[in-house]
Amino acid sequence: MNNADLFALLDRLRAEPRETEWLEFKANRYEPQAIGEYLSALANSACLLGKPRGYLVFGIEDGTHAVVGTRFDPQAETGQGNQLLPLWLALGLKPKLGFEMHVCQYHGHRVVVFEVHPAFDRPVEFYGKAFVRNGSSKTSLSVYPEKERAIWMRRVDWSAQVCEQATLADLDPKAIAEARRQYTEKNKTKPEKLADLAEWDDATFLNKAKLTVRGAITNAALLLLGREEASSLLAPAVARVSWILKNERNEELDYEHFGPPMLLNVDKVLARIRNLTVRELPDGTLFPVELTQYDPWVIREALHNCIAHQDYGFRGRIQVVETPQALLLTNVGGFLPGRVETVIEQDAPLEVYRNPYLAEAMVSLNMIDTQGGGIKRMFQAQRRRFFPLPDYDLSQPERVMVTLRGRILDVRYTRLLMAQGELDLATIMLLDKVQKGVRIEPEDAKRLKVANLVEGRYPNLLVAGSVSAAMGDKARHIRNRGFDNRYYRDLIVDLVREHQPVSREDIDKLLLDKLPEVLSTQQKASKVHNLLTSLSGKRIQNVGTRQVSKWVLLAPEKQ
């Protein structure tokens with residue numbers, strides 16, 4: 001942009017009647033973090049308002065739009081880590097939609113203009129957090145879910161785009177035959193949709209199944225039904241599921257990559273997973289003696305979700321990592337509902353799909369259900385099998401990781417609770433977190449305590465003793481809970497009486513294996529220290545030093 005164009009732009013911006021959601025004026029105040037947040041907010045707001053750009057202008061006064069100039073030099077400033085400001089801003093803005101900086105002398109004053117492109121297929125975040133403008137205020141986009149949904153609705157559906165180079169010859173005949181079979185299974189209660197199926201040629205069927213558009217091959221059709229060699233037609237998108245086998249030391253033992261047709265190759269992925277039989281469940285009529293590590297339906301549902309919700313614009317692959325204890329399934333692209341609990345609680349169709357055309361095609365082929373109940377049914381399936389619930393790791397903004405545990409945890413209480421029909425799934429999810437040592441919110445802990453389902457001091461909670469007693473596992477519960485302080489103090493005094501003087505090492509040997517198993521090594525050491533402090537000067541005393549303690553009994557008259 002030359003000076004003439006830049007002057008014309010500034011004239012137009014100053015002519016705006018007031019500051020708008022896609023335009024921000026600043027006089028001379030500049031903070032690196034705030035600049036990044038404004039660029040996120042302006043990009044998202046420009047998208048919502050249909051503007052070709054968002055603008056952050058330094059050197060023009062807010063309100064009056066008077067040209068006052070600025071000392072701000074973006075090329076001389078740095079962000080965190082002493083990185084040059086332009087680079088730091090570019091690294092923080094995701095997706096990388098691009099922005100330009102312009103510096104000029106305008107009406108005799110120095111003016112700096114940031115010109116940011118609008119969001120086009122997802123909200124723009126700055127180091128993991130998205131912002132938006134509400135009037136003239138900058139705020140977190142999460143406060144306005146309706147605006148976030150609107151941005152997603154404006155995205156370009158990659159899966160619906162036609163691949164101009166592809167023809168029917170690029171589709172796998174076996175995959176098309178399986179698609180017909182699954183389409184029949186999906187619509188078996190709707191005979192009117194199947195009346196002429198036998199007479200349809202492949203082109204007609206693919207149109208009816210919403211895989212092609214008037215005979216044109218879409219990305220969704222290539223992904224689900226394409227020949228293996230046709231995956232190159234989807235470039236730069238990556239259509240690949242990688243199965244990786246690792247041992248206990250996280251060393252890679254084996255791997256295999258699977259491309260199109262995904263309709264057939266999902267079963268090939270499942271065939272590589274070693275679904276061993278677990279024989280460690282207790283006897284009894286309630287719990288089976290033997291179960292396979294994984295429910296094939298749960299794995300298939302999780303993998304189909306990865307395919308449907310993968311962000312193919314990131315050019316990443318779907319991964320299935322198998323370890324002796326669990327399966328980890330990963331796809332790139334944020335989790336649109338925000339929280340798994342939201343999906344469970346609402347139990348309703350998603351309002352926004354990342355790949356709506358692909359999702360609709362997978363519905364027609366009986367692969368997924370648009371009613372939004374797949375995740376909830378995964379949790380219910382694990383509950384019925386008395387296995388730990390799926391773990392969703394959403395800590396990375398552009399990645400969803402789901403862990404399916406293939407072993408019974410050494411905490412059998414949750415499985416008993418799962419078998420009790422009066423407990424709702426939300427409560428079971430909380431108890432499952434407690435058993436995995438995952439911290440829950442204080443209000444959730446309070447609710448579980450009121451229901452007598454957990455005990456202990458927050459955040460170190462345990463499933464309540466009454467539950468573990470019903471499981472016939474009282475001993476383990478006591479080892480987790482520990483004894484009262486009087487018991488430990490009496491042990492210390494008895495040790496000192498019999499073997500004085502005793503060292504701290506002697507006391508540790510006596511107590512450490514008797515303290516609650518849920519405590520860490522550091523927490524156990526602190527516990528012993530507190531017990532000694534409570535006894536010191538009352539029943540025992542240290543006649544040594546802090547470094548080399550020698551504990552002896554106090555004389556009777558001093559006790």
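Helices (H or I, at least four residues) and strands (E, at least two) are DSSP runs, numbered from the N terminus. The structure shown is a predicted model, in which local features need pLDDT of at least 70, side-chain atom pairs count only at pLDDT 80 or more, and totals for chains, interfaces and linings use all residues. Residues are numbered from 1 along each chain as its sequence is written, and side-chain values use heavy atoms, with hydrogens and water left out.

**View 1. Strand S21 at Asn542.** Asn542 lies in strand S21 (residues 540–542). With a relative accessible area of 29%, Asn542 is partly exposed; buried means under 20% relative accessible area, exposed over 50%, and partly exposed in between (1.4 Å probe, protein chains only). Asn542 is in contact with Ser549, Lys550 and Trp551, leaving aside its neighbours within four places in sequence; contact means heavy atoms within 4.5 Å. Val552 is 10 residues from Asn542 in sequence, and their C-alpha atoms are 6.5 Å apart in space.

**View 2. The protein chain as a whole.** The secondary structure comes to 21 helices and 22 strands. Of the 559 residues in the protein chain, 47% are buried. Among contacts between residues at least 6 apart in sequence, 63% join residues at least 24 apart. The mean pLDDT of the protein chain is 85, and 88% of its residues reach 70 or more; pLDDT is the predictor's confidence in each residue, from 0 to 100. Over residues 282–288 the pLDDT is below 50, and this stretch has 13 contacts in the model beyond near neighbours in sequence. Where pLDDT is low, the predicted coordinates should not be read in detail.

**View 3. The nonpolar cores.** A nonpolar core is a set of buried Ala, Val, Leu, Ile, Met, Phe, Trp, Tyr and Cys residues joined through side-chain atoms within 4.5 Å. The largest such core has 85 residues, and those with the most contacts inside it are Leu211, Leu224, Leu225, Leu303, Phe379, Tyr392 and Leu404. Helix H10 (residues 296–309) gives the most to this core, with 7 residues. Not counting residues up to four places away in sequence, Leu404 touches Tyr294, Val298, Ile299, Ala326, Leu327, Leu329, Met378 and Pro390. A second, separate core of 27 residues includes Tyr38, Cys47, Leu97 and Ile151.

View 4. The 12 residues of helix H13 (residues 374–385) should span 16 Å at 1.5 Å a residue, and the end C-alpha atoms are 17 Å apart, which agrees; the expected span is 1.5 Å times one less than the number of residues. H13 is mostly covered, with 9 of its 12 residues buried. Among these buried residues are Met378, Phe379, Gln382 and Arg383. Phe386 follows H13 and has a positive phi, near 65 degrees. Asn366, in the loop between helix H12 (356–364) and H13, also has a positive phi near 65 degrees. Asn366 is partly exposed, with a relative accessible area of 35%.

View 5. All 5 of the 5 residues of strand S2 (residues 54–58) are buried, so S2 is largely enclosed by the rest of the structure. Gly54, Leu56 and Phe58 point one way from S2, and Tyr55 and Val57 the other way. Strand S1 (residues 23–26) pairs with S2 in the parallel sense over 4 bridges; two strands pair if DSSP finds at least two bridges between them. Lys26 stands opposite Phe58 in S2. In the loop between S2 and helix H3 (85–92) lies His65, a residue other than glycine with a positive phi near 65 degrees. At 5% relative accessibility, His65 counts as buried.

View 6. S3 and strand S6 (residues 125–126) pair over 2 bridges, and Lys94 stands opposite Glu125 in S6. The peptide bond from Lys94 to Pro95 is cis, with omega near 0 degrees; Pro95 is in the loop between S3 and strand S4 (99–106). A cis peptide bond also joins Tyr458 and Pro459, with omega about 10 degrees.
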